[in-house]
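User: I would like to go through this model with you. Could we take it one topic at a time?

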Amino acid sequence: MGSADILPALYKCPAPYFEGDSSSTLRSSPCLGSSAHTNQNSPRPPVSPTLKALRLPWLTEEFAVPAMARAAGRERRLLAIYTGGTIGMRSEGGVLVPGRGLAAVLRTLHMFHDEEYAQAHRLPEDTLVLPLAGPDQRILYTVLECQPLFDSSDMTITEWVQIAQTIERHYTQYQGFVVIHGTDTMAFAASVLSFMLENLQKPVILTGAQVPIHALWNDGRENLLGALLMAGQYIIPEVCLFFQNQLFRGNRTTKVDARRFAAFCSPNLPPLATVGADVTINRELVRKASGKDRLVVHSSMERDVGLLRLYPGIPASLVRTFLRPPLKGVVMETFGSGNGPTKPDLLLELREAAEQGLIIVNCTHCLQGAVTSDYASGMAMAGAGIVSGFDMTSEAALAKLSYVLGQPGLTLDDRKKLLAKNLRGEMTLPMTDERRSSLQDGMLGCRVAWLLSLNGSQEADAMQDVLMPSLALAAAHAGDLDTLQAFVELGRDLNLKDCSGQTPLHAAARRGHAAVVAMLLQRGVDVNARNEDGHSPLLLAVRGRHQGVIGLLRAAGACLSPQELEDVGTELCRLASRADSEGLRAWWQAGADLGQLGYDGHCALQVAEAAGNADVVALLQSFKDRLSAQPQAH
Ligand SMILES: NC(=O)C[C@H](N)C(=O)O
């Protein structure tokens with residue numbers, strides 16, 4: 001049983017969600033400022049009247065986008081588009097309904113707004129500002145509240161097109177966008193937006209909550225704050241989804257839990273970033289912005305697309321009915337690695353539909369894995385003119401289908417080719433024989449050998465200096481022991497660093513390549529090297545829960561720095577609340593003090609006890625006992 005099941009008292013939100021009927025007060029207050037925060041002596045600039053003309057029919061007048069805030073210092077400006085969802089809901093007649101006035105609620109929460117700064121810098125009244133997030137950086141944001149607000153179950157392509165167009169309209173004014181959305185269809189929304197927004201150079205991060213932000217114990221605050229911080233502090237040119245401390249590529253996500261705070265997962269791609277005591281960015285996964293192309297918004301999305309889940313014995317007649325016009329494309333959820341019944345009547349229906357121009361995309365209904373051509377049942381379906389969706393989620397496949405079918409002037413063949421391409425990082429294409437053999441021949445090793453063979457000229461030396469660190473890191477990241485060995489044989493120092501201060505040891509530790517870590521340590525690399533974020537290989541191994549690697553690093557004298565241990569108490573409490581024994585064990589193994597207190601003065605053991613996580617309590621207790629029995633051992 002997980003933490004959400006056994007923590008009703010903590011996780012349930014007390015009713016009513018709002019104190020009093022705040023919605024009506026907020027609605028009548030276009031400037032959002034509550035009297036407590038309004039400084040009568042120093043009136044703040046009003047919302048720019050000229051900008052009210054920019055709003056969509058779907059957006060309320062009082063939340064129309066303001067003029068750019070006028071303030072000193074280094075500032076990042078974000079637009080938060082609030083579409084509804086549980087995060088702002090309130091209880092009405094015993095059920096949750098979308099709630100207005102989210103900006104006004106945020107204004108009252110110190111973590112979301114620094115009124116002193118806003119007044120001192122005379123920010124417009126509809127501009128909120130986060131407390132100082134880093135040295136000398138402020139994140140200013142404006143909440144654009146949609147009208148009406150939706151439970152996301154009612155969201156459709158029409159609303160998502162409006163969101164994309166709103167982003168386009170304000171694209172140059174803001175450095176990033178946060179879309180506050182209900183969780184039920186958030187994975188669909190993120191997928192659709194990823195295809196609609198081409199050449200994105202700025203982050204667009206969707207977030208929401210399982211419990212309203214007004215509740216005492218909720219996930220809305222952490223999620224929204226995380227999304228704002230990620231969008232404000234990092235250049236991530238993708239449509240992402242931020243939930244429970246993880247930043248995912250939006251079109252890789254799916255909602256997997258109706259109640260737990262960890263509601264989303266990205267089954268076939270690791271998170272782009274994970275937020276704990278520090279932020280770990282998986283840089284190699286983040287897509288690169290093209291740099292010169294302008295944002296293109298594809299608003300013409302095909303609505304006549306569908307999703308059909310096969311099940312054992314599904315009648316051919318039912319499939320025929322489903323595939324009838326006006327349907328133009330269907331995502332078919334098949335068994336295992338893309339298999340389906342091979343009944344001739346069923347295959348005939350699929351073949352006929354495909355011949356008549358219906359596009360069928362084959363996606364597995366399994367959470368993880370991809371469609372392959374391993375089975376006869378799979379091949380039979382492919383023979384019926386079906387396009388493989390490889391490891392795409394059904395949400396991404398449906399969105400892609402809608403996008404591809406919405407593109408004007410393409411032939412059926414063009415559309416199928418487009419579907420087979422990886423357009424927005426939504427799928428992992430299988431290795432072609434060509435790619436596979438070049439990798440098997442040690443592509444990386446060949447490059448290194450070639451590079452090292454260039455010698456003599458100044459130019460060659462300069463090129464080696466620039467490329468060597470990246471190649472060594474790539475080899476360590478891939479666990480390519482042979483290539484690293486080649487470096488050693490040629491007398492190269494493996495203590496080199498790339499432009500972000502990463503060493504090969506960082507790369508190998510992060511990926512859990514114990515053999516590479518052992519080899520690097522034998523070569524005497526710096527076990528406590530820090531990258532530019534101040535992170536050591538040990539911290540990266542802890543985050544990845546690579547116990548073998550942690551053991552090797554510790555044996556070689558690695559230890560976590562005070563900076564790395566700064567917020568460890570909070571991180572440990574979080575792990576304890578999620579019953580994450582592996583995570584706790586990794587910190588213990590790395591030498592962290594598991595008795596450290598979290599931000600609210602509790603330690604992990606207390607959190608586990610409150611949560612009733614017996615296994616975690618026993619684990620933490622055993623660590624405590626071991627520590628008191630052998631104080632020197634740890
Ligand atoms: N947690 C949520 O946001 C669920 C809600 N029904 C929605 O999707 O709007």
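User: What share of the 634 residues of the chain count as buried?

Analyst: Of the 634 residues, 44% count as buried. A residue is buried if 20 or more other C-beta atoms lie within 10 Å of its own, exposed if 12 or fewer, and partly exposed in between, with C-beta atoms placed from the backbone. This is a predicted model, in which local features need pLDDT of at least 70 and side-chain atom pairs count only at pLDDT 80 or more, while totals for chains, interfaces and linings use all residues. Residues are numbered from 1 along each chain as its sequence is written.

User: How many helices and strands are in the chain?

Analyst: The chain has 24 helices and 19 strands. Helices (H or I, at least four residues) and strands (E, at least two) are DSSP runs, numbered from the N terminus.

User: Which residues surround the ligand?

Analyst: The ligand is surrounded by Gly84, Gly85, Thr86, Asp151, Ser152, Ser153, Gly182, Thr183, Asp184, Gly208 and Gln210. A residue is near a molecule if its C-beta atom, placed from the backbone, lies within 6 Å of it.

User: And how many of the shell are nonpolar, polar or charged?

Analyst: The shell has no nonpolar residues, nine polar ones and two charged ones. Here Ala, Val, Leu, Ile, Met, Phe, Trp, Tyr, Cys and Pro count as nonpolar, Asp, Glu, Lys and Arg as charged, and the others, Gly among them, as polar.

User: Turning to the core, which residues touch the most other members of the largest one?

Analyst: Leu193 and Leu228 do, in a nonpolar core of 104 residues. Helix H6 (residues 186-196) gives this core its largest share, nine residues. At least three residues come from each of domain 1 (57-297) and domain 2 (305-420), the bounds being taken from an automatic or database domain assignment. A nonpolar core is a set of buried Ala, Val, Leu, Ile, Met, Phe, Trp, Tyr and Cys residues joined through C-beta atoms within 7 Å.

User: What does Leu228 touch?

Analyst: Not counting residues up to four places away in sequence, Leu228 touches Leu78, Leu130, Ile139, Tyr141 and Val178. Two residues are in contact if their C-beta atoms, placed from the backbone, lie within 7 Å. Apart from this core lies another, of 52 residues, which includes Ala508, Leu540, Val568 and Ala608.

User: On to the sheets. What is the strand order in the open sheet of nine strands?

Analyst: The order is S4-S5-S1-S6-S8-S9-S10-S13-S14, with mixed pairing. Strand S4 (128-129) and strand S14 (279-281) stand at the edges with a single partner strand each, so one side of each has no neighbour in the sheet. Two strands pair if DSSP finds at least two bridges between them.

User: How many bridges join S1 to S6?

Analyst: Five bridges join strand S1 (residues 75-84) to strand S6 (residues 176-180), and the two run parallel. Leu78 stands opposite Gly176 in S6.

User: Is S9 enclosed or exposed, and why?

Analyst: Strand S9 (residues 239-243) is largely enclosed by the rest of the structure, because five of its five residues are buried. Val239, Leu241 and Phe243 cover one side, and Cys240 and Phe242 the other. S9 runs parallel to strand S8 (residues 204-207), joined by three bridges. Within that pairing, Cys240 is the bridge partner of Ile205.

User: What about the open sheet of four strands, in what order do they run?

Analyst: The order is S16-S17-S18-S19, with parallel pairing. Strand S17 (residues 329-334) and strand S18 (residues 359-364) pair over six bridges, and Glu333 stands opposite Cys363 in S18.

User: Where is Leu308, and which residues is it in contact with?

Analyst: Leu308 is found in strand S16. Leaving aside neighbours within four places in sequence, Leu308 is in contact with Phe322, Val330, Met332 and Glu333. Leu308 is partly exposed, with 17 other C-beta atoms within 10 Å.

User: Which peptide bonds are cis?

Analyst: The bond from Gln147 to Pro148 is cis, with omega near 0°, and Pro148 lies in strand S5 (residues 138-150). A cis peptide bond also joins Pro325 and Pro326, with omega about 10°.

User: Finally, is Arg578 buried or exposed?

Analyst: Arg578 is buried, with 22 other C-beta atoms within 10 Å. Arg578 lies in the loop between helix H21 (568-577) and helix H22 (581-589). Ala579 is found in that loop too, and its phi is near 55°, a positive value in a residue other than glycine.
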